[in-house]
Amino acid sequence: MELRQLRYFVTVVQEASFTRAAARLHLAQPGLSAQIRQLERELGHPLLDRGGRTVTPTEVGAAVLPHARAALAATERITHTTEEFTGLLRGQVRVGLISGAAVEEFDVAAVLADFHHDHPQIGISLTEDTSERMLAALGRGELDMALVGMTGAELDPAIGIEVVLETAVVAAVAAADPGYGDEVALTGLRDRPLICLTPGTGIRGVFERACAAAGFEPGIAYEAAAPALLLRLAARGLGVAVVPELTPEEAAAFGLRTVRIVEPELRGRLALAWRTDRPASPAAKVLLGQLRIALRADA
């Protein structure tokens with residue numbers, strides 16, 4: 001039995017006529033009839049009743065019909081999927097990134113460029129936003145995946161994550177600031193002007209939740225989306241910057257030194273997030289897999 005014979009059989013039933021089915025299939029009617037008879041001989045039963053003014057399925061034909069349709073539908077799904085994976089169909093993949101993610105720790109741009117090279121018909125839309133808003137967008141189905149900072153808030157159980165970077169959260173102070181040693185308890189920051197990332201970012205969420213658990217509200221004097229700006233403000237003596245851990249060389253380049261935050265120690269986590277409760281497009285699955293491999297290797 002061949003798939004084309006099943007297609008011929010289904011088409012004859014739909015048209016209720018060999019003549020109309022042959023025209024729809026662009027076949028000669030005798031050839032179509034011969035193919036159907038060959039299928040009937042192979043199955044050992046007539047599938048079509050040819051005795052009336054219209055062609056109708058026999059009892060066996062009616063029983064076979066849904067299976068034939070299912071086989072053809074499965075074949076179409078297989079073809080559709082393979083075409084998408086080889087870049088033959090157009091589509092759109094929606095990616096969210098926290099500020100600076102494409103140029104700092106990870107070369108996300110290289111992954112996107114490779115994906116575009118392999119699948120030029122697939123469009124890529126990029127959103128740069130806070131982690132909280134991107135996680136909400138994932139929940140609404142407005143993004144396919146996002147690189148986010150974990151805020152410490154409870155996640156939607158339908159969102160899968162893979163942590164790609166974990167780092168200490170430290171206080172950065174002007175190199176000449178005499179007020180700190182090598183470490184400071186979290187409560188030691190209670191009365192100091194603080195310089196933080198904007199609300200909704202991972203580090204800000206982790207810091208604010210830790211302060212709330214310690215019984216105080218941090219005094220945020222300045223906030224900005226770009227970590228480099230926070231460091232420049234701290235270097236000018238405008239406050240203590242709460243930032244991901246820096247190497248001594250990175251801190252010195254800004255005229256800063258870092259102080260470990262203890263009691264408790266704070267950790268920031270960067271993660272790739274995606275929906276797990278709904279099927280993703282094949283293109284989104286491929287790009288997600290490539291990002292997971294690339295970010296895992298970089299981490």
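The centres of domain 2 and domain 3, taken over C-alpha atoms, are separated by 28 Å. Keep in mind that this is a predicted model. The domain assignment of the protein chain lists domain 1 (3-66), domain 2 (87-164 + 270-298) and domain 3 (167-268).

**Domain 2 and domain 3**

- Domain 2 is assigned in two segments, 87-164 and 270-298, while domain 3 is given as 167-268.
- The contact draws on 10 residues from domain 2 and 10 residues from domain 3.
- Together the two domains bury about 690 Å² between them, and 51% of that area is on carbon and sulfur atoms.
- On the domain 2 side, the residues that lose the most area to domain 3 are Ser99, Thr130 and Thr151, which together supply 48% of what that side buries.

- An unreviewed UniProt entry places the feature "domain: HTH lysR-type" at residues 1-58.
- Residues 1-58 are 62% helix and 7% strand, and the end C-alpha atoms of the span lie 19 Å apart.

**Helix α1 against helix α3**

- Helix α1 (residues 3-15) packs on helix α3 (residues 29-43) at an angle of about 110 degrees, and their axes are 9 Å apart.
- Angles of 65 to 115 degrees count as roughly perpendicular, so α1 and α3 are roughly perpendicular to each other.
- From α1, the contact uses Arg4, Gln5, Leu6, Tyr8, Phe9 and Val12; from α3, it uses Leu32, Gln35, Ile36, Gln38, Leu39 and Glu42.
- By class, the residues of this α1 and α3 contact are seven nonpolar, three polar and two charged.

**Helix α2 against helix α3**

- Helix α2 (residues 18-25) crosses α3 at roughly 105 degrees, with the axes coming within 9 Å.
- Phe18, Thr19, Ala21, Ala22 and Leu25 of α2 meet Gln29, Leu32, Ser33 and Ile36 of α3.
- The contact of α2 with α3 has six nonpolar and three polar residues, with no charged ones.
- Leu32 and Ile36 of α3 take part in the contact with α1 and also in the contact with α2.

**Backbone details worth a look**

- As background, most residues other than glycine have a negative phi, and most peptide bonds are trans.
- Ala16 is not a glycine, yet has a positive phi of about 55 degrees.
- You will find Ala16 in the loop between α1 and α2.
- Glu263 and Pro264 are joined by a cis peptide bond, with omega about 5 degrees.
- Pro264 sits in the loop between β11 (256-262) and β12 (267-275).

Terms used. Residues are numbered from 1 along each chain as its sequence is written. This is a predicted model: local features need pLDDT of at least 70, side-chain atom pairs count only at pLDDT 80 or more; totals for chains, interfaces and linings use all residues. Side-chain values use heavy atoms; hydrogens and water are left out. UniProt positions are given in the numbering used here, feature names are shortened, and annotations may be inferred rather than shown by experiment. Helices (H or I, at least four residues) and strands (E, at least two) are DSSP runs, numbered from the N terminus. Axes are lines fitted to C-alpha atoms, for helices over the stretch in contact, and angles run from 0 to 180 degrees between N-to-C directions. Angles under 35 degrees count as roughly parallel, over 145 as roughly antiparallel, 65 to 115 as roughly perpendicular and the rest as oblique. Contact means heavy atoms within 4.5 Å. Ala, Val, Leu, Ile, Met, Phe, Trp, Tyr, Cys and Pro count as nonpolar, Asp, Glu, Lys and Arg as charged, and the others, Gly among them, as polar. Domain bounds come from an automatic or database domain assignment. Buried area is the accessible area (1.4 Å probe) that two parts lose on being put together, summed over both.
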